[in-house]
Amino acid sequence: MKQAAKQYTGSSKVMTTKISYKKDFQKYKSVYLIALICLLYYFIFCYAPMGGILIAFKNYRPARGIWGSDWVGLRYFKQFFSSHYFYRLIRNTLLINVYDVLFGFPAPIILALLLNELTSQRFKKTVQTITYLPYFISLVVVCGIILDFLSVDGLVNQIIDFFGGSTVVFLQNPKYFRTIYVVSGIWQNVGYGSIIYLAALSAIDTQLLDASAVDGCNRFQRIWHVTLPGIAPTIIIMLILRLGSMMNVGFEKVILLYNESIYETSDVISSFVYRYGILQGNYSYSTAVGLFNSLINFALLIIVNQISKKVSSISIW
Amino acid sequence: MKVRGKLLALLLTTAVVTGGCASKGGSSSEGSSAATQKTSSTAETTAAQAESESSASEGSDQSGQGEVTTFTYYRPGLNRNNITSYSDTLWVQELEKKMNVKIEFMGPASGDDYNQAVNIVLASGDYPDAVYMNWNNYNGGLRAAIDDGIVVDVSANETYKSLMPTWFGDLDENENLRRAVTLDDGTSALFCHIENNLKRGAYAGYGIRKDWLDNLGLQVPTTVDELYNVLSKFKTEDANGNGDNTDEIPMSDDSDHNLISYLAPAWGLRVNTPYLDPDTQKMTYWTQYKDGEAFTDFLTTLHQWYEEGLIDPEFASQDSSAKEAKITNDQVGFTFAWTGNYATWTDALAENFPSIADKIDIYGMVPVVGPAGKAYTANDAHVRYAASNEGTCVTSSSVKDGTIEAILKLFDYMYTDEGSEIINWGEEGVSYTKDADGKNQWTDAVTNDSEYSFSDKVFEYALPTWGGFPKVMSYDAWASIEATTASQQQAHENYWKADTGLLMPPLMMNQSEAEEYNQIMTDVNTAISELYLSVILGTKSVDDIPALLQQVDDMGINRAMEIYQGVYDRYISK
């Protein structure tokens, strides 16, 4: 393995021998042109709109435009920090993500490992197709299904009923919301999420697996000592990325599932921003909240990346 | 392996940058739209200039029949089985012909999420010529919309004013109307529907299955205690007579919480809206009324009902269609109902249960009397001559486009007797005829259509119900479709018997008031909605109420009531 790596670095050095940029440009004109389109895309749709965060510091009134609105400094940040919901929003947003990382993150890895152990290709393909079908169902439909299954005479309650339990009104009790959110998320995303791990698994050297088999490893030992370390870099990178969005919860699923009686656990930063910003036209306030959220995400990403760099020397930059 | 990791890392770095950008783009899309707005608005100005020049040159021959003025009107569409666009209706075509205009209707197909849609349009900077909305939902209210240069203050311009003799004549004559629709300084920029008969406002309340009561030998309840007894009987006995005494849901509600809003007045409470304490005539909020005693009592009672299974277990999370499915499945005994619901539910029940079809009787009730001692209703329409905050305004675009004069003339015509007749009834001889007493009657073409029911068909010709247009409502036209069946009329009459002691006139705030008030009340209303639902559901205990009310105090509820009191005082002295 190490040798192979050395060879590779060696050859890459050869490739980067100095070529004049001008020559290079002339030679690959069309390639640069294609790249330019990408760059323009990022500039126009990602970087230019970032100027819009200005309105977090202004009392933005659309009719007057960004420049015409009055500066208010950190007023909206203060308003949010002193809001009665500040603590709760952060807690709900974080907890949903914590549970999702605890249960939702390992799920596709486990599925990929299980699929990898299958010998029947046909069965494997079938399982794979079935598990990623839900990913392609529109979120609105998924939420409709969830609401239906969890209603008083829905599937889940019928099962509870069958085993002699008493009816539970799931979507009116705050304690069930996170579970519903995370479990349905796993159901929807597990198959699609496993693709990247399956790809990583396919790159594992079969010689290693064979060698471990010869050395007397059983299946679990093989997974533990060969397969898992083999896909560890992928897992770590995916984890870093996931942890970088610890403060993100998509508002669509939340607003489709929640109601006032379960705000206690279901109201998250994005749904709050939606209610204040879009429904009430408080653009500045909701931008301030959104910006605060993005900053925390950004900070988290950097911190986790640094830790990973120190601990495992795997990092995204 | 490490190298592979690095390669993957590189790949994923691009992924994260993309992802990061995507999310950033989402949060600041306002910015981008505002940026494009700038260019588009300059483009517009030049277009407007060009147009004003051309209209100036046309000015000479603008004596009369000239060209048709086309203008855009943003509002929810006509969401009916048989017709979906106002442009296709007879009355709009009549008005267009008469006033030499062409209305281009814009906006979502139905009223769902309309605030969201209209707020985005107003933020885009590219305004339609006329916009309908509840201006309380514009950040800062109507006053702010005028100050922001979106809405045209018609009353401030003598030329514009002179185009609307009927409207401004009505304002001078009708004290109630003037108070309702003008801002404190007399500004009139909003054109809403006007009531000619307040009784039309009696369209909301609650109804009970009288046939269930008859099955059990009970009387229509008139007090909260009697209601409780009736609901308990519904629960324990086989009220719907299908042989199963467990399938009845004595009372049901949906996530709009209308039933709760209409029951609360029995305790002297209005849900999530400030009102005058009937004893002291001071502005109060339901958590503050009688120091929270009534609030606690109300929630304790409803929680007890919920625990005893009298209330639909899913009342807080189900939507209205889920509730209606239970109603038309002969399961619900008592619920909130618009007058219009009585006919549709009765029909659906009769269709689903032919064996009891002739017995079905949903009975609209006079509000029950509770601890507050009066049959209070929560429907402000009983006392409102105009909707005030909800209506159409002309925007600065109409000035640029040079369409404003035609729009104002049209709106004024819509308030005249002639114009209102066209809106409410359609065209004489086509959709209605006058009988011997001079009363209007729908023609056969409207009432006896082979394909569509009368209540759908009528919308091809006229708009007898409320639709958010500038017009004078006609009680007769409205009653002809909303109070036709015996049960509808019964409900309408009973709703009208309610006491109006807790109702509020329409109030309009100025911008700073609106901003401060909304900031406090958005937080308060969220907290209170959550509180009252969790207490009823039992996920919070009644003992938690004082602590939570303290929290509401901290949010500044008293300050909000102070603001509202000020607005009310100004309304009274207006």
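The legends below describe close-up views of a predicted model. Local features are described where pLDDT is at least 70, side-chain atom pairs count only at pLDDT 80 or more, and totals for chains, interfaces and linings use all residues. Residues are numbered from 1 along each chain as its sequence is written, while chains are lettered from A and ligands numbered from 1 in the order in which they are written.

**Figure 1. An open sheet of five strands in chain B.** The strand order is E2-E1-E3-E12-E4, with mixed pairing. Strands and helices are DSSP runs numbered from the N terminus, a strand (E) having at least two residues and a helix (H or I) at least four; two strands pair if DSSP finds at least two bridges between them. Strand E2 (101–106) and strand E4 (190–191) of chain B are the edge strands, each pairing on one side only. Strands of a sheet pair through backbone hydrogen bonds, either parallel or antiparallel.

Figure 2. Strand E1 (residues 69–74) of chain B runs parallel to E3(B), joined by two bridges, and B:Tyr73 stands opposite B:Ala130. E3(B) also pairs with E12(B), in the antiparallel sense, over five bridges. B:Val131 stands opposite B:Cys393 in E12(B), and B:Cys393 is also the bridge partner of B:Leu190. Two bridges join E4(B) to E12(B), and these strands run antiparallel.

**Figure 3. The contact between domain 1 and domain 2 of chain B.** Domain 1 comprises 65–196 + 384–492 and domain 2 comprises 204–378 + 507–573; such bounds come from an automatic or database domain assignment. Their C-alpha centres lie 31 Å apart. Each domain gives 20 residues to the contact, where two residues are in contact if their C-beta atoms, placed from the backbone, lie within 7 Å. On the side of domain 1, helix H5 (141–147) and helix H21 (486–496) of chain B each give two or more residues.

**Figure 4. The largest nonpolar core.** A nonpolar core is a set of buried Ala, Val, Leu, Ile, Met, Phe, Trp, Tyr and Cys residues joined through C-beta atoms within 7 Å. This core has 185 residues, of which B:Leu142, B:Ala264, B:Leu269, B:Ile407 and B:Leu408 touch the most other members. Helix H22 (residues 511–537) of chain B supplies the largest share, 12 residues. Domain 1 and domain 2 of chain B both give residues to the core, so it lies between them. Leaving aside neighbours within four places in sequence, the contacts of B:Leu269 include B:Trp286, B:Tyr289 and B:Phe298.

Figure 5. Just after H17(A), A:Ser313 takes a positive phi of about 55°.

**Figure 6. Loop residues B:Gln281 and B:Asp291.** B:Gln281, in the loop between strand E8 (275–276) and strand E9 (283–284) of chain B, has a positive phi of about 60° although it is not a glycine. B:Gln281 counts as exposed because it has 9 C-beta neighbours inside 10 Å. B:Asp291 lies in the loop between E9 and helix H12 (293–307) of chain B, with a positive phi near 55°. With 10 C-beta neighbours inside 10 Å, B:Asp291 counts as exposed.

Methods. A residue is buried if 20 or more other C-beta atoms lie within 10 Å of its own, exposed if 12 or fewer, and partly exposed in between; C-beta atoms are placed from the backbone.
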